[in-house]
Amino acid sequence: MNSFLNANAELVITLVKIVLLLFIVLTVNAYLTWFERKVVAHMQSRWGPHRVGPHGLLQPLADGVKFLFKEDPTPAGVDKLVYYLAPLLALALALTSIALIPFGPEPIRLFGHDIYLGIAPPDLNIGILALFAVTALGVYGVALAGWASNSKYPLLGGLRSSAQMISYELALTMSVVGVLLMAGSFNLKKIIEAQAHHPEWGILGWNVWPQFLGFFCFFIAAVAETNRVPFDLPEAESELVAGFHTEYSSFKFAMFFIAEYTSMITVSCLCSILFFGGWLSPFPASWLFTHYLPSAILILFGLWVIWDGIRYETTFGRIILPGLGAAITALGAVFVLLPNVNEFIQGPFWLLSKIFVFLFVYVWMRGTLPRFRYDQLMAFGWKLLLPLSIVNVIVTSFVILAKMQWWGAK
Amino acid sequence: MTASLAVFFALAALAVIGAVSLIVQKHPIHSALSLIVVMIALAGLYLLLGAEFVAAVQIIVYGGAIMVLFVFVIMLLNAGVEEHTSISKMAGAPGLLLVVALAGFVAATIARSTESVETTLQTGEIASTLGISNMIFKDFVYPFELTSFLILVAVLGATVLAQREKS
Amino acid sequence: MVPTNYYVILSAILFGLGVLAFIFKRNIITIFMSIELMLNAVNLAFVAFSQALGKLDGQVFVLFVIVVAAAEAAVGLGIIILIARSRQTLNVERVDLLKL
């Protein structure tokens, strides 16, 4: 057994990483639904889920059980193969895309192996192209689901989604070109490192300042690619019942749901990596005290959870919430006490907090914005986003050329 | 058998199965799905050949744009199961003959050129994105500009075709 | 290392299957797809030779072929939609009049 482990160490590590990432992504997905419902509810002066568990924290679990045990009828007249293939395809592609994202700069050293955070090797030189390749295939899940259901509304949803995704993919790809020109590489790690060119600039060195136009186009196009509000026409419930997944129920529906939320996470990762410095801290590198910020935030949050928990109405909540708070506080304390660990978590901490901010923006938009009309959607994509992103490419390349020509920068 | 050879045979089998399935399937959507399988298998083969950029472009453009357009049109036109009409004998016989002749010609060419291909194997530089961009923007800059013109013409053509005639 | 011959043979097989599909299929969209299959087969040969000869020209050609294929798909599918609108059929055998 031991010799097998030693001989296939890379394989075993990758397998363990895949299982871990799957577990984490699915859990985060589940709690993203909780987060979304909670935030939207508070925006609309409601409480949101609060019956199952303290603050409704066990709601995702209940939802999951519901999805698993619901009846799963297959409508008559569906194209069986494609009908079953579509949700699988959607989920598999969404999960594949998140496997290509690096989550931290430094490898962790365990059992004599350098283990990078993230499944794909960090020196993957077509990094972002590979990501786009995987997300480009994502449209099939939606389009085929719409077609295979053999029903009017899903077909319309599928048609809308394929037209929408083709249109916005152009703007999405073009808007990234500016960042690629500045970094001179497709590799996600190199793109982040290019933003740390002046360590003293901190937040000012990020791509979002010179590439604001690119970020604007990228984020909007990416929201459209993930079929989220205000671009959720493929599943517009007021016109199309539930759009492409009308005929899907039980776990097949859950698969579409998980795929959508996973692609939200992927887009948030991409936004933070391409435009917001990825795992870079927003503070200048010399401000060493900011390295204690993660622990400080964790400890304060943990204490707040304890304080909130001891006043909770139910006995169960009075036990669970302080326990949770104590665990979070302890985690923060561990980071303070172990300087090595504290240094290691800096990168992942900043990346994850940026991802969290973008996920919040997603939910925020869902809570505030009305849905586009179909012609508005098409006109917006073709007549505004695409020209803007092309202008961005032209301006960026001109500035880079001018720098090389007249200021002699490398 | 080395690992790369095993990967090659797996991908090659996938591609051939996909291509055969393209012919055998009766419904256009199934044919389109088969073709997508072929394209993904080919992208895998490009990776095996060290052409990462081409592999990515293959999936993004072929898989993510061209085939989506096909699927879109099939859905839009609600294309049903293929009608079976008898092949006209006039076209069928020469067609089959042509396939056989073509296959024979290709096989003969390959069989003859075996030596020359194998001797130059593995002398290649690493196919980098940088190298490709250097080629496109230096050696092939005029063809490259021509393709942009071609795309412009195609866009205009598609727009004109899509326009409904004013009654 | 896979011998270049294998790639070329695979490319020839795929091209042959593309020709077969082109001849035997009756649906105009599928026929169009078989053209794409043939282009793909040629691309494979290009990349294989590019690697065998150690030059990048082959890969650049593939990029050009992909561009041409994209342009062709845009116009071709536009024509197919027009045909389907005016004749209510996708069967090539039934599209045999120059003028309606």
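Trainee: How many residues from chain B and chain C does the contact take?

Mentor: The model is a predicted one. Chain B contributes 79 residues to the contact and chain C contributes 72 residues. These residues count as being in contact because heavy atoms lie within 4.5 Å.

Trainee: What area do chain B and chain C bury between them?

Mentor: About 6600 Å² is buried between chain B and chain C, and 78% of it is on carbon and sulfur atoms. In chain B, the residues that lose the most area to chain C are B:Leu49, B:Phe70 and B:Leu161, together 11% of what that side buries.

Trainee: How many salt bridges does the rule find across the interface of chain B and chain C?

Mentor: The rule finds 0 salt bridges there. A pair would need a side-chain nitrogen of Lys or Arg within 4 Å of a carboxyl oxygen of Asp or Glu. Polar contact is a separate count, and between chain B and chain C it comes to 4 residue pairs, both residues at pLDDT 80 or more.

Trainee: Which helix supplies the largest share of the side of chain B that touches chain C?

Mentor: The largest share, 14 residues, comes from H3(B). By class, that side of chain B has 57 nonpolar, 17 polar and 5 charged residues.

Trainee: Which domains does the assignment give for chain B?

Mentor: Chain B is assigned domain 1 (1-80) and domain 2 (128-167). The C-alpha centres of these two domains of chain B lie 23 Å apart.

Note on methods:
Residues numbered from 1 in each chain as written. Chains lettered and ligands numbered in written order. Predicted model: local features only at pLDDT ≥ 70, side-chain atom pairs only at ≥ 80, totals over all residues. Heavy atoms only, no water. Buried area = accessible area lost by both parts, 1.4 Å probe. Polar contact = N/O pair within 3.5 Å; in protein donor to acceptor, adjacent residues only side chain to side chain. Helix = DSSP H or I, 4+ residues; strand = E, 2+ residues; numbered from the N terminus. Nonpolar A, V, L, I, M, F, W, Y, C, P; charged D, E, K, R; others polar. Domains from an automatic or database assignment.
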